[in-house]
Structure formats: structure tokens, C-alpha cells
Amino acid sequence: MTAAAFTGLLLTILSGLYIHLTETWTTPYRLNLILHPVEGALTVALLALYLRGHVQQKRQGRRSGVAAGWLSALLWGGALATGLLIAPGAGHHVDRILVHRWLAYGAAAVALVHVAPAWTRLAPAPRRAALTLLLAGLAGLGALAATRPTQPVTVDFEAALAGETSPPTNTDLRLLSATKTCGATDGCHAELTREFEAGTHRLAPTAPHFRKIVALLEEERGAESTRFCASCHAPGEALGAAPPNHPRPAFGCLVCHAMDQAHIADETSVAAGPEAGYAGPRKGYTLGLPAAHLTMFPPDGEMEPAGIDRYLIELNPLGHGRALRPDLLKADALCRSCHQEHIPAAQTGAFERLGCVDCHMRLQTPFSKSGSDRPHLFLAANVVLPRLTEDRERLASTLSWLSGNFPPAATDSFWELRTGNDARPSRAFWLVVSIEALEQAGVEANLPVRVHTSNVGIGHPFPTGVLDMYDVWLELRAADADGRVFFTSGRPGGIYHTEDGIHRLGGTFFDSAGRPILRHRVWEKSRVSKRVVEPGRTIEDDFDVRIPSGVGPRIVLTARWLYSRINSPFMLWAYPDLPGARDGFEAVEMAAARQQIVLEGPVDRAQ
């Protein structure tokens, strides 16, 4: 009985470690997952028989090892009970799985200590067999745990622009467009799926202006070159899993949840962890597809996994999570694979920059309904998509985000604005603006004014990304004490390189011949001229405010930065029939300041 109990104990331990430490989801893995509850029950039965002898020893007055035996029995009983609660499936009971795991580990440790003395009295042959089984099992598990069995698929941006496709793969790449299957099963990711379906990444490939840019690329470079745009916006199209301009979004959960490497400049692969600064143009990325696990999902991505596959995922949701949660998932390197121009160095001066997910997928914001999971709306500055889809809830969330109407993510930042010694701020501050009169001036004179703008809350330059499509301008107004405005600078409707005297932020792309690029034809981009506010930096804008007669003795200056996602020249091309296209999309106030100035000398104020 000692040999049987010890062998059963070893098999159960190895079976549990196989489930815990690896996520191969191969046929042996799945078979072990099914048989594990049976193995556990048999082990408990064998140990119960083994302990019966210790009960007899207790009656005969020999108490050695009896306490350890009963402790082991209690722990195994607890592990068996929690295992039986997990076995029916019907939901991802992660808390029960964790309790089961640690009860089983504790029971195994105590049982090994308890059985070891009896094991030493076994004959050499069964002892060697058990030891060989243990060592071989541990070596095999160690090898499996050290590797993440994936099928690599690389997207190369330059090759995509040339119309080349990635090598074929055994995995059905239609899964790259899938989202519904992740939320179709009760107890799974229904809320996250709903968020993602309404979010920027999912909807961007369907935006009319994006499709118009893709059509322009096709006209200039040919249909196959559109894979260049699709490489980020619709990877399913880039990899040939969906035809170009397919009506269904080709950006699904798997694009990020299978990302293994981000290739940025000089063929360098950026792994998870702290990154260096700007490394140059992005080159592409590699998906590490967990091929064996993906065979459990319907290839069209519309339905939930069927039958035994769904049951196995419910038995081991933690293994399912490990298979689809690569090391790169929370690192900025993943985002840089497509948003390279957006993301600066991890460190800016003396202050450490928050990561991308710390802001754009921040937990516990008013915009998240996903509980303990990071929200998948990916809130940022894109007000175009929710307006086009008439998603009022998403639009309201985006406008609140831009206005900073939520507590900041960094709770101990030097830049926090506080209302008291211990008060935490109730809102986030992206930019801070201040107004300075450089000299004193009286009526009928010019008052030199400087506006300081500091990027105190954005972890990347402002603005960033599609700089040639934005309209970001500084509005300065001067009014007398009665509120009558006598000076205004700043208006919408322009772009960064417009020579209209307006203080703007943004950029202009130039081709190799030095000509400005219009209509966001980034495939022709050779250099960029830009004006942005870097993280932790301050820019200055100078004005000459003419003070007319009859104003004074005090005036009020108001400065504010206004942001429109799409400027009017691009709007007139992309949406010529949209009402108000000439004015661009509605502007959002990003930051503002108000300053009262006392004029110099006597004032002849008109009555």
C-alpha cells in the first residue's frame, strides 16, 4: 500500500504541476486536465487506506507520524472538496482554483514528509522506479514551463507596402478579427468585449476617412500595397485573412493578446520591460500564436467554444489566460509596434513616465465597467469615431477624458494640483497654462504678453500621432472689466504650416522632394516639421496686445488651447458632404488660464 500511495501521490503532484506551470493545450495536456480530478480522488482514497494503518498504530500507542498523517488527510480532503466544486465547470471560479491549488500543494508537502520514512523501507526496485518517475516528470515539466509554444507570424511594414504577404500559417488567421467568441460564453469577457467593440482599435479600420486614405494608396501604389495601412489598422487584412476594405473590422482581441515582439529600427526586437528612447521608424511586429489553444475556438470568431473545449477552459481559466497574455502585453513596446511616433522615452528628466496602459487602460475610472479588468475602450483624443457612429456614451466619455474629469493616475506626482495639504485632486491635468505680462503698458500701446504651456500630465508629446490631420491652436482674448472683448488671436480652420499668424501645434509631413504631403499620404513621408509640447517641458507663445483707448484700469486676459481631431482641409476632402465640414470637427478645450492685468498710468476711460 505504501508503494501505491506514494506512486499515486507523485502522479497527482506531476499532473497538477503540468496544469499549473504550462499552457501547451496539446492533446496530452487536455487529457491530463480531464483526468486530473480522477487522479486526485484516487490519491485521496489510497492515502486514506494508508492512514488506516496509522490509526491502528495510535491504538497500540505508537504515535510517530500520526499527526502529520491526519494533517495531510485534512489538506487532501480540502483539495478534493474544492476540486469537486471546480469540476462541474459553469463559470471561471478563479478563487476556488487558487484555494484548491494551495491546499493541494500543502497536502502534497505534508504527505511527502509523512510517507518518506516508509518509502525508505521499500525494496530497491520500486524505490528506483518512483525516483525515476519523479525526476523525469520534473525535468519534462521544467522544459515545458521554460517555453511558450507558439507559432510566429511576422508583419513587416516595408514588405507590406511593397504588397508582400507573410508566409502561410497553420492557424486560421480569421481569428485575428474575432471578438465575439471571447464574450459569448457566460462568465467570460462579455463586458470587455462590449467595450472593445465600441473602442478605437476595433472601429478605426471602418472609419470612412481611413478607407478613403486606403483607396488613395491603392490608386497610387496598387491594391496589394494597402496591406501597409492594414498592418496596424486591420492585421487580418495584412495577413490575408480578410480581403481589403472588408466590411467587418479586421482587428480582434488576438492582435494584442498574441503579440510577442515589436520590431523597431535597425531590425531590433524590443522585449517587455523598460525601453530606451525613440529608436527610429517602426519595422513591424511578430505575433506568437498559441496554435494548439486556438484550435479550441471557432475559426470565424462568432460563436463560443463548443462542448469539451469550453469545459476545459472553465476547468483551467488561469492556463487560458497565460496562453493569451504574453510578456509584452503590458509593456510600452507592444504599443510602440504601431504607435512608435507617439511614445517617448520611459524617463523624462527626474520624473518617471507612466506606461501606456496606466493612462489609456487605467483601472477604476468612471469610464470602466469591467471591474478588476483594465477597460478596453482605449480612451484617448479620438472624438471622430464616436461622432461618426453616433455613440453618445462613448463621445461623452472621450470628452470627459480630454477635459480631465477624473482623478489622475499618478497619485504622488510633483505636478498634482491640490486643494489642501492632504487633499487629493479630483481631476487630471494634461496641460497647465499661465499668462505673463512682460512689460507694463497703458492705453493706445502694445502690451507684450507671454503664454507658458507645460505638459504636466501627458506621457507623450502633445499633440502626437497624425500631426498633419489635427487643428490645435492657442486662443488669447483680452477684455475690459465689463467683459467687452477688444483683442482676439486664434481661430480654427487651419493647419500647422498655415502662415496666418495663429499660434498652433501640430506638424507637416514632407516628401523626399521637400513638398508638403496632403491627405495623410504617410507612405510618401520623408521628414516631419512639427511643434509639440514634450512631456515635462514648457513652450512659450508671445503676443502683442494692443490696448485701445477707453479701456482700463484693469483688463482680463484669457488663454486656452483648443483641439480639433480633424482640421478643415482634411475634412473637406474626406467628408465633403458632412454638414460643417469646412469648420472641422468641434473643438475641445484642453487647458485654459485667466489673468488680470493692471494698466500703467492714468486711464482715460470712455463713459
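To begin with, what does the accessible surface of the protein chain come to, and what percentage of it belongs to carbon and sulfur atoms? Then, which residues form the nonpolar patch on the surface?

Analyst: The model is predicted. The accessible surface of the protein chain comes to about 29000 Å², and 56% of that belongs to carbon and sulfur atoms. The chain has 607 residues, of which 48% count as buried. Its secondary structure consists of 21 helices and 15 strands. Among contacts with a separation of 6 or more, 69% are between residues 24 or more positions apart.

The nonpolar patch on the surface is formed by Leu31, Ile34, Leu35, Val38, Leu42 and Ile308, which together have about 520 Å² of accessible area. Helix H2, residues 27-59, gives the most to this patch, with five residues. Ile308 is found in helix H15, which spans residues 307-315. The relative accessibility of Ile308 is 46%, so this residue counts as partly exposed, a class that lies between the cut-offs of 20% and 50%.

Some backbone details elsewhere in the chain may also be of use. Phe378 has a positive phi of about 55° although it is not a glycine; this residue lies in the loop between helices H18 (356-360) and H19 (384-388), and is buried, with a relative accessible area of 16%. Glu390 also has a positive phi, near 55°, and lies in the loop between H19 and helix H20 (392-403). Glu390 is exposed, at 69% relative accessible area. A cis peptide bond joins Phe462 and Pro463, with omega about -10°. Pro463 is placed in the loop between strands E8 (445-455) and E9 (471-480).

Key: Residues numbered from 1 in each chain as written. Predicted model: local features only at pLDDT ≥ 70, side-chain atom pairs only at ≥ 80, totals over all residues. Heavy atoms only, no water. Patch = residues over 30% accessible without salt bridge, like charges linked within 9 Å, V, L, I, M, F, W, Y side chains within 5 Å. Areas by Shrake-Rupley, 256 points an atom, 1.4 Å probe, with all protein chains shown as cover. Salt bridge = Lys/Arg side-chain N within 4 Å of Asp/Glu carboxyl O. Helix = DSSP H or I, 4+ residues; strand = E, 2+ residues; numbered from the N terminus. Buried < 20%, exposed > 50% of the residue type's maximum accessible area, 1.4 Å probe, protein only. Contact = heavy atoms within 4.5 Å.
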